[in-house]
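Please look at the aromatic rings in the structure below. Some questions on how they are classified follow.

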Amino acid sequence: ALGIFYHEFIKYTAGGAGNELGIVLTPEHLCDFMCELADIQKTDRVIDICCGTGSLLVSAMKHMISKADNDEEIKHIKQNNLYGIEISSSIFPIAVTNMIIRGDGQSHIYNADSLKSTSYKNNNIPQCSIGLLNPPYSQKKDCELKFVKQMLDKLAPRAVGIVVVPVSCAIGTKFKDERKELFEHHTLDAVFSMPNDIFYPVGTVVCVMKWIAHVKHDPSKKTFFGYCKDDGFVKRKNLGRVDAFGRWAAIKDTWLNMYFNKIEEDEKASLHCVTADDEWLA
């Protein structure tokens, strides 16, 4: 109950500063989808290099604990398997508190600049097998793909990176150098076009990408593209977007089934070979 209260509380606490800093709170059901897309196991080490208030790490911890067999494994997960970096000194304590309230026994959340390699060395952050990321949007000096590349570069070989970024990163008319650099070192495994208003009331249209770290993208191999514009949520006064009709669970399972079984279906999903110069959207 305290965790639910705190989740609501941070919407208001982070709201004012968040808008100025480009911080967008990740919806809880989107966090869960990203964790399931990553297929997080109890033995994984998970990092979020722009952890904000800690929503993605909280979701990852929940998924890992659900697969643990005993209290000792749960303790190990909380103390050793979750890492976060947050540059904002005002958002950082919110993330730490969020993890503590959720039962994190030894929170590895650090107030540092994730784009600087020294931040990882100084805080003894190990290579992780899963990366989750919702980078700050609309930053003039650093585009979102710089954060994506930094996260992937710091992951272990063949690790999985799941990111939610504006569709401008996938269209191909912008960030051409960053896109080519990503394909030189990492593989784009899947892209999901998300509902246009998933971040309501913020108007940013986003997609979720799945990357395989340290494996050069092979343009002769197909990437999965999902067109996931309906998550079953509806807008309600004073509540925002809610799963009023209980449709989300079935919709999420459909999306994941299509990806993991590489199913193609008109207006829902396709498999296509792409290069760094192509559009990465269904």
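This is a predicted model: local features need pLDDT of at least 70, side-chain atom pairs count only at pLDDT 80 or more; totals for chains, interfaces and linings use all residues.

Residues are numbered from 1 along each chain as its sequence is written, and side-chain values use heavy atoms, with hydrogens and water left out.

Q: How many aromatic pairs does the structure hold?
A: The structure holds 11 aromatic pairs.

Q: Why is the pair of F33 and F192 called edge-to-face?
A: Rings of Phe, Tyr and Trp (its six-membered ring) pair if their centres lie within 6.5 Å, and planes under 30 degrees apart count as stacked, over 60 as edge-to-face and the rest as tilted. F33 and F192 are 5.3 Å apart centre to centre, with 85 degrees between the planes, so the pair is edge-to-face.

Q: What makes this pair a tie between parts apart in sequence?
A: F33 lies in helix 3 (residues 28-38) and F192 in strand 6 (residues 187-193), so the pair ties together parts that are 159 residues apart in sequence. Helices (H or I, at least four residues) and strands (E, at least two) are DSSP runs, numbered from the N terminus.

Q: Why is F192 called buried?
A: Buried means under 20% relative accessible area, exposed over 50%, partly exposed in between (1.4 Å probe, protein chains only). F192 has 0%, so F192 is buried.

Q: What makes K235 a charge over the ring of Y200?
A: NZ of Lys or CZ of Arg must be within 6 Å of the ring centre and within 35 degrees of the ring normal. The charged end of K235 sits over the ring of Y200, 5.1 Å from its centre.
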